[in-house]
Amino acid sequence: MSLASYAVVDKDSKGRAYPEAPPKDGRSEFARDRDRVTHSYAFRQLSGKTQVFTPASNQCGSSPSDKILYDDSMRTRMSHSIEVAQVARSIARALNLNEDLSETLALAHDMGHTPFGHSGQDVLNDCMKPYGGFEHNIQSLRVVTDLEHRYTQFKGLNLMFETKEGILKHCSAKNAAVLGDIAARHRDKKSPTLEAQATDLGDAIAYMCHDIDDGIRSGLVSPRDFEDVELFGRCWREVQSRLSGQPEALQVQETLRDMMGLMIRGTIAHSLQNIERYGIKTLADVRNSPEVILLPDGLAQQHAQLKSQMYKKLYHHQEVSLVRKDVEQVIGGLFQVYMENPHLLPAGPAGETRVQPNDTDTQKARVVCDYVAGLTDAQAYQQVKRFEPLLSAQRTLALF
């Protein structure tokens, strides 16, 4: 299938920071990027990082016996990324975009995320505030450009420019000023590639559906919590009518499939209209036009309403919020231990000492941050348990 004239193609790419010979097996350059991501250490780590529910959830709440809260089939950052890739590829294929690029962005977009989901990110950002802060999109870029060590010729994965640019979904003006060409579109107020737009919206569609699924399975919410919101409620009522008498669990699955299909089809139709509306013919046109891969207005409003309800009923649920205190102790404790005892950090990928004697506090903090952010939930728990005597002594000293 030939790509659209406004798609990203190998021959017009800005290429790699370190030039390489083309793949010898017929893959595109962006398929090579995808394969480098899926073989990376950071991507494998995503299988042990929280999406919404963490094993710590089972320790919270007053009546865990009547709730699942967490089991091993709950989404992780990895399974979330795979589901985003499916949605992004569906949109990219329908619009004749570079499907390999959209898939790569979907698989890589959370590689910089901390253990324990957004709570982990918030706690690590609090720890890093005196040293420049923490933001998982920028951390994902650090992972693929610097922190992965798999090649002798360069640090990182040496991904294509458009892949790295798409990973940097958000970027403040302050950060954009120091990140160079990769952040130029943020400084110049240009739109991302359509492949990146497809992935960004695919992320919003995928997590909406799978977080409801996990939330209902956890026992914290039920379909009744969302039936008054048009996007879910319309599909739910249609399924109940069509599948009357079927188990509710199957009705929920059918509802979520219908809801996802509705959003994907709506996105494709609306995006084609926008491409025609703005006269987009080239990648330059994409850069100079408003973003075009969007839900149609009605569905976008319904999506926003459902997202608001999810925050009220699920993300801010008391038993989910209780995990935050546990995360503060684990992430905050590890950060404190390693800042005060950098010699306890394991050696780096090449056996190197991570913190050097002449490193400033800011340099040391960034090394500690990189290490802690890369841990899985289980690794973080294991390490904080190992350091419990040291943390207990620090807490005792803090009382005097």
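Reader: How do the residues of the lining of the second largest pocket divide into nonpolar, polar and charged?

Author: This is a predicted model. Rolling a probe the size of a water molecule over the atoms shows where empty space is left. In the second largest pocket, the lining splits into 11 nonpolar, nine polar and eight charged residues. The space in that pocket comes to about 700 Å³.

Reader: Which residues lie nearest the centre of the second largest pocket, and which helices each supply at least two residues of its lining?

Author: Of the 28 lining residues, Leu147, His149, Pro349, Arg354 and Asp370 lie nearest the centre. Helix H2 (41–45), helix H6 (136–147) and helix H17 (361–373) each supply at least two residues of the lining.

Reader: Next, accessibility. Is Met259 buried or exposed?

Author: A residue counts as buried under 20% relative accessible area. Met259 has a value of 0%, so Met259 is buried. Met259 sits in helix H12 (residues 248–277).

Reader: What does Met259 touch, apart from residues up to four places away in sequence?

Author: Met259 touches Met208, Cys209, Ile212, Leu231, Phe232, Cys235 and Leu306. Take Cys235: this residue and Met259 are 24 residues apart along the chain, and their C-alpha atoms are separated by 6.3 Å.

Reader: Now backbone angles. What is phi of Asn96, and what is phi of Lys189?

Author: Phi of Asn96 is near 60°, a positive value in a residue other than glycine. For Lys189, phi is likewise near 60°, again positive in a residue other than glycine.

Reader: Where are Asn96 and Lys189 found?

Author: Asn96 is in the loop between helix H3 (77–94) and helix H4 (99–108). Lys189 is in the loop between helix H9 (184–188) and helix H10 (194–218).

Reader: Last, side chains. With which side chain does the side chain of Arg34 make a polar contact?

Author: The partner is the side chain of Asp35, at 3.0 Å. Arg34 belongs to helix H1 (residues 29–38).

Reader: Leaving aside neighbours within four places in sequence, which residues is Arg34 in contact with?

Author: On that basis, Arg34 is in contact with Asp100, Glu103, Thr104 and Leu107.

Notes:
Residues are numbered from 1 along each chain as its sequence is written. This is a predicted model: local features need pLDDT of at least 70, side-chain atom pairs count only at pLDDT 80 or more; totals for chains, interfaces and linings use all residues. Side-chain values use heavy atoms; hydrogens and water are left out. On a 1 Å grid over the protein atoms alone, a cavity is a set of points where a 1.4 Å probe fits but cannot get out, and a pocket is an open set with protein on both sides within 12 Å along at least five of seven lines; lining residues have an atom within 4 Å of a point. Grid points are joined across faces, edges and corners, and a volume is the space filled by probe spheres set on the points. Helices (H or I, at least four residues) and strands (E, at least two) are DSSP runs, numbered from the N terminus. Ala, Val, Leu, Ile, Met, Phe, Trp, Tyr, Cys and Pro count as nonpolar, Asp, Glu, Lys and Arg as charged, and the others, Gly among them, as polar. A polar contact is a pair of N or O atoms within 3.5 Å; within protein, one must be able to donate a hydrogen and the other to accept it, and residues adjacent in sequence count only if both atoms are side-chain atoms. Contact means heavy atoms within 4.5 Å. Buried means under 20% relative accessible area, exposed over 50%, partly exposed in between (1.4 Å probe, protein chains only).
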